Amino acid sequence: MNRDENWLMARKNRYHGLQPLRNALHAVGDPHMAMPFVHVCGTNGKGSTSFFLMNILMANGLKCGLFTSPHLVTHRDRMRIGETIIPREDFTRLLEQTGDLIEKHDLGMFEADVLIALLWFREMKCDIAVIEAGLGGRLDNTNVIQDPLLSIITTVGLDHMNVLGERIQQIAFEKAGIIRNNGRVLVGNVDHCAKAVVFRHAWRKHAQCIQAMPYRDLGENLFAFDHDVYRVQGALYQKQNASLALQGAKLLGVDIHGDATHIALGKAKWAGRFEKVAENPDIYLDGAHNPEGVAALCRTLDTLDNPCVVFGALRDKPGRAMAQMLADHCAELIVTGFEAERADVPMDLMVKGARLVPDCLEAVRVASQRHRCVVACGSLYLVSELRYRLMGETN
């Protein structure tokens with residue numbers, strides 16, 4: 001049997017709890033106990049916060065693994081150490097090594113990803129690893145991690161409600177499931193209802209619950225945090241994610257005021273998060289895929305010069321509502337489609353005044369002919385496809 005990325009990606013999530021993955025991990029020597037971890041979950045911002053934190057830790061002398069999802073170009077970019085994603089030969093070798101276990105315990109794709117990432121981090125002798133939860137927290141496969149040095153909850157919003165619950169308190173309960181007995185949890189920008197659930201859960205676990213410190217926006221790419229001024233690339237919302245990563249690093253004992261931290265944070269560019277992929281006209285790609293994320297992106301759209309937005313969404317999202325939010329903050333909205341099983345029909349995203357261009361690359365081309373600034377956003381599947389097609393043509 002040819003076990004490759006396609007074989008792995010075809011394996012569906014089994015929703016059978018954490019024990020099968022725990023059993024598989026135990027069979028390969030419990031790599032999730034071989035190093036300290038930071039566990040990050042949240043509705044939005046968890047990928048960016050994790051990425052910034054990894055860069056800060058690496059700059060301060062720690063070899064840091066990073067596990068995130070979904071991927072943007074290759075399945076392997078879910079697993080990285082610094083700027084280096086897991087090499088194809090290592091991924092293929094570890095997949096072949098664990099293939100029988102994956103089948104024996106009927107592991108889905110995401111479970112197998114966690115297994116391979118933890119094995120690779122152990123093999124590479126990482127000092128620490130930052131692990132981003134995929135969905136929720138309590139029952140997410142990354143929650144096999146035991147006693148992380150720090151848990152981080154970035155935001156709590158109404159997303160994946162068919163799985164996590166329809167009320168903000170239910171979703172907050174799922175996110176709080178990463179909190180461990182006598183552990184520490186850093187809580188980001190969450191409303192009072194979600195915060196009450198998280199703090200109560202921490203109290204029951206005898207865990208230290210730490211509220212994120214505020215930052216001050218200084219315009220452009222600058223922000224003030226903890227009596228210092230930092231620079232970060234990307235959209236305005238990245239200042240919140242960067243400040244949360246800085247506080248997380250400080251809780252881990254890192255000097256966040258040193259030159260190494262400033263340089264690392266200023267250079268950090270997280271692909272697919274308000275990523276500039278072309279100039280004249282300027283083209284940005286952003287993975288805002290739910291109402292909270294779109295609202296955050298709209299604040300950046302207001303700072304641009306009459307941008308055109310190209311938008312596509314998955315059908316389990318409030319696509320038309322998000323399209324209207326974007327239409328209110330741009331010069332022109334173009335709705336489009338992309339290759340994904342759960343992609344919404346572009347016509348169903350149409351709002352008054354919007355233009356329909358079914359192919360996402362053609363939509364960007366049309367926008368580029370009419371506007372000096374184009375922001376393509378929505379599902380990360382859309383961002384992934386556009387990034388591949390655009391970068392493939394320009395590089």
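Two residues are in contact when heavy atoms of theirs lie within 4.5 Å. Keep that in mind while you work through this predicted model.

**Exercise 1. Find out where Thr-300 sits, whether it is buried or exposed, and which residues it is in contact with beyond its neighbours within four places in sequence.**

Start with the element: Thr-300 belongs to helix 11. Next, look at its relative accessible area, which is 3%. Buried means under 20%, so Thr-300 counts as buried. Last, skip the neighbours within four places in sequence and list what's left: Thr-300 is in contact with Ala-235, Leu-236, Tyr-237 and Phe-274.

**Exercise 2. Work out how helix 11 is oriented relative to helix 12, and which residues make their contact.**

Helix 11 covers residues 291–301 and helix 12 covers residues 319–327. Their axes come within 9 Å and cross at roughly 10°. Angles under 35 degrees count as roughly parallel, so helix 11 is roughly parallel to helix 12. On the helix 11 side, the contact is made by Pro-291, Val-294, Ala-295, Leu-297, Cys-298 and Leu-301, and helix 12 brings Met-322, Met-325 and Leu-326. Sort these by class and you get 9 nonpolar, no polar and no charged residues.

**Exercise 3. Describe how helix 7 and helix 8 cross, and sort the residues of their contact by class.**

First, locate the pair: helix 7 is residues 168–175, and helix 8 is residues 192–204. The axes come within 8 Å, with a crossing angle of roughly 35°. As for handedness, helix 7 passes helix 8 in a right-handed crossing. Now for the residues: Ile-168, Gln-169, Ala-172 and Phe-173 of helix 7 meet Cys-193, Ala-194, Val-197, Val-198 and His-201 of helix 8. That contact divides into 7 nonpolar, 2 polar and no charged residues.

**Exercise 4. Trace the open sheet of 6 strands: what is its order, and which strands are at the edges?**

Read across the sheet and you get 12-13-17-14-15-16, with mixed pairing. The edges are strand 12 (275–278) and strand 16 (355–359), each pairing on one side only. From one strand to the next, the twist averages 25°. Then zoom in on strand 14 (residues 308–312) and strand 15 (residues 332–337): they run parallel and are joined by 4 bridges. Val-309 stands opposite Leu-333 in strand 15.

**Exercise 5. List the buried residues of helix 10 and say what they pack against.**

Helix 10 spans residues 259–267, and its buried residues are Thr-261, Ala-264, Leu-265 and Gly-266. These buried residues pack against helix 3 (46–59), strand 10 (222–225), strand 11 (228–231) and helix 9 (237–251).

Conventions: Residues numbered from 1 in each chain as written. Predicted model: local features only at pLDDT ≥ 70, side-chain atom pairs only at ≥ 80, totals over all residues. Heavy atoms only, no water. Axes fitted to C-alpha atoms, helices over the stretch in contact; angles between N-to-C directions. Helix = DSSP H or I, 4+ residues; strand = E, 2+ residues; numbered from the N terminus. Left-handed = near helix turned anticlockwise from the far one by under 90°. Nonpolar A, V, L, I, M, F, W, Y, C, P; charged D, E, K, R; others polar. Parallel < 35°, antiparallel > 145°, perpendicular 65-115°, else oblique. Pairing = 2+ DSSP bridges. Buried < 20%, exposed > 50% of the residue type's maximum accessible area, 1.4 Å probe, protein only.
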